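User: I am new to reading protein models. Please take me through this one in short steps.

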Amino acid sequence: MSIEENALVVAGLSASYGVVPAIRNVNLTIRTGQIVTIVGANGAGKSTLIKTICGLVRATAGTVHLFGEDITGQSPDRLVPKGLSVVPEGRRLFSEMTLLENLELGAFARSDKVAVRRDLDRVLDLFPELRERLSTMAGTFSGGQQQMIAVARALMSSPRLLLLDEPTIGLAPAVVDRIAELVTTIAGTGVNVLLVEQNAETALSVADYAYILEGGSIVAEDKASVLAESPEVQRAYLGI
Amino acid sequence: MQTAIQLILTSLQIGAVYILFSLGLTLIFGVMRIVNFAHGHLFAVSALVVAYTVPWLADTGLPVLPAYLLAVIAGVAVAMVLGFLMYVFGFKYFQRDMVGSFILSIGLVLLLDGILLKTFGGAVRPVPEILPGTVTILGASVTVQRVALCAAAVIITAALYWALTRTKLGKALRAVSIDHEAAMLQGVPYNRMALAGFMIAAALAALAGALIAPISIVSPVIGADYLIKGFIAVIIGGLGSVPGAILGGLFVAAIETFGGFYLDPTSATIAIFVLVIVVLLVRPKGLLGHG
């Protein structure tokens, strides 16, 4: 399989915080058109993996290819124009700025004003309840709405690959369902999605392909539907 | 009543300079999370260049107002070059490093103190009157020069506020100061923003120095006093907050002016330090600070 057919190829990736290794020799591939999920418990290294992929944490070994291009160690601001957009863990909205300003910043790397305007409309169609509140400070929205805003902001860069880091954490079940639906909708528009989740049930129901991360290493991978049926995964992650 | 108005006007004049100073400090802190104690030297360099250039240009027969405007351009340019050198060879390597940047800026203070003293000499430099005359505002008389200083400071502050809230660069600077990693994830290039923030701050200090030169006694140590007051202003207002810097600047100026008149200048200075201690004890983030 040639590397260009894949949205993201992570090969032998390792990273550490200080002297403590956080992820070890991680290999994963997102084929174009797929929703891929990485499932892992708290402290499994999920966020470190995401941060290493997008250049916030330095890799000690291994490579990352985005649509065939080696992006290992490139800073995140250079990856946005290449089609990578991240919804960080904890949302990380610019809370003292308005909703509209947050969305405008999502489109920072773009200079095509007409297309940005059009994308703003499209993104707001996904979240009709936000349209009326564009001048509201982002920090005053509810947790679920803030998560929607974080996704909307990430979509404003018109990404080809969207990384979602724990988008459902701390949210009410109804909102979790809405996020899951949203991921499917976004993937339907031709965006590749990498969903990193602690909530294995939701993640596995949405994704095409899944990886299980434990202690900083990938311990299992398969089609999401197959993993959801696996007795070990059910016992460890689904509470069945 | 007349005394009160006179004191309010004086507070506004001094406050205007403190505001330009503290806006720069707060901008640098917001974007790079460092405090630049050599910021006062950018102000001093600009004031010194103006103080030297105006008499020199006036001697060549140029009228004093165009001579002053040319001198302002020269002063701001020299200070910005100095700021650029400070950033490129210094602060660039100490971003988000409080201790490292502190040591660097103290070193720069000592270095620049020596250079300025050697270059400009220790003698104070009077600048000829640029805009002669006085005006009467609500029964209080103020020199035209001081009114012009206030007007210029208001325009500069308003322009900065507009730029921070309305332009793409301004929004990116604010985003970086709220969460630099999240900003980078939106494609905002952190290093370019840090340089932009530092240079805007340098320009504000340089403009403040150029504006104060005609109404103050210019010497190489002129920056130190303003730096301390500007720093206190941002601590009171809240480091990283633009409205906080404005509020803090006016607050410090008012205490200094009213305290200096009704008590004495020494008590006023003590009052400012007491106030900053109280603010740090009661509200360590400052009045309008966050994060």
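**Strands, helices and chains**

User: In strand 7 of chain A, which residue is the bridge partner of A:Val87?

Analyst: This model is predicted: local features need pLDDT of at least 70, side-chain atom pairs count only at pLDDT 80 or more, and totals for chains, interfaces and linings use all residues. Residues are numbered from 1 along each chain as its sequence is written, while chains are lettered from A and ligands numbered from 1 in the order in which they are written. Strands (E, at least two residues) and helices (H or I, at least four) are DSSP runs, numbered from the N terminus. In strand 7 of chain A, the bridge partner of A:Val87 is A:Leu164.

User: Do strand 6 and strand 7 of chain A pair in the parallel or the antiparallel sense?

Analyst: Two strands pair if DSSP finds at least two bridges between them. Here A:Val86 stands opposite A:Leu163 of strand 7 of chain A. Over four bridges, strand 6 (residues 84-87) and strand 7 of chain A pair in a sense that is parallel.

User: Which residue of strand 8 of chain A stands opposite A:Leu162?

Analyst: Strand 7 of chain A is joined by five bridges to strand 8 (residues 192-197) of chain A, and the two run parallel. Opposite A:Leu162 stands A:Val193.

User: In what order do the six strands of the open sheet in chain A come?

Analyst: Strand 3 of chain A runs parallel to strand 9 (residues 209-214) of chain A, with five bridges between them. One facing pair there is A:Val36 and A:Tyr209. Strand 9 and strand 10 of chain A run antiparallel. The pairing in the sheet is mixed, and the order in chain A is 6-7-8-3-9-10.

User: How many residues of strand 7 of chain A are buried?

Analyst: Count other C-beta atoms within 10 Å, with each C-beta placed from the backbone: 20 or more is buried, 12 or fewer exposed, in between partly exposed. A:Leu161, A:Leu163 and A:Asp165 point one way, A:Leu162 and A:Leu164 the other way, and all are buried. Strand 7 (residues 161-165) of chain A is therefore largely enclosed by the rest of the structure, and its buried count is five of the five.

User: At what angle to strand 6 of chain A does helix 6 of chain A run?

Analyst: Angles run from 0 to 180 degrees between N-to-C directions, and axes are lines fitted to C-alpha atoms, for helices over the stretch in contact. Contact between two residues needs C-beta atoms, placed from the backbone, within 7 Å. Helix 6 (residues 143-155) of chain A lies across strand 6 and strand 7 of chain A, and its angle to strand 6 is about 170 degrees.

User: How many residues lie between strand 9 and strand 10 of chain A in their hairpin?

Analyst: Six bridges join these antiparallel strands. A:Tyr211 has A:Glu221 of strand 10 of chain A as its bridge partner. In the turn, A:Gly215 has a positive phi of about 55 degrees, and the residues between the two strands number two.

User: How are helix 1 and helix 9 of chain B set to each other, roughly parallel or roughly perpendicular?

Analyst: The axes of helix 1 (residues 2-32) and helix 9 (residues 222-237) of chain B come within 8 Å and cross at roughly 65 degrees. Angles under 35 degrees count as roughly parallel, over 145 as roughly antiparallel, 65 to 115 as roughly perpendicular and the rest as oblique. Helix 1 and helix 9 of chain B are therefore roughly perpendicular.

User: Where in chain B does B:Arg33 sit?

Analyst: Most residues other than glycine have a negative phi. B:Arg33 is not a glycine, yet its phi is positive, about 55 degrees. B:Arg33 is partly exposed, with 17 other C-beta atoms within 10 Å. Its place in chain B is the loop between helix 1 and helix 2 (39-59).

User: Which helix gives the most to the side of chain A that touches chain B?

Analyst: In total, 22 residues of chain A are in contact with 16 residues of chain B. Helix 2 (76-79) and helix 3 (99-106) of chain A are the elements that give two or more residues to that side of chain A. With four residues, the one that gives the most is helix 3 of chain A.
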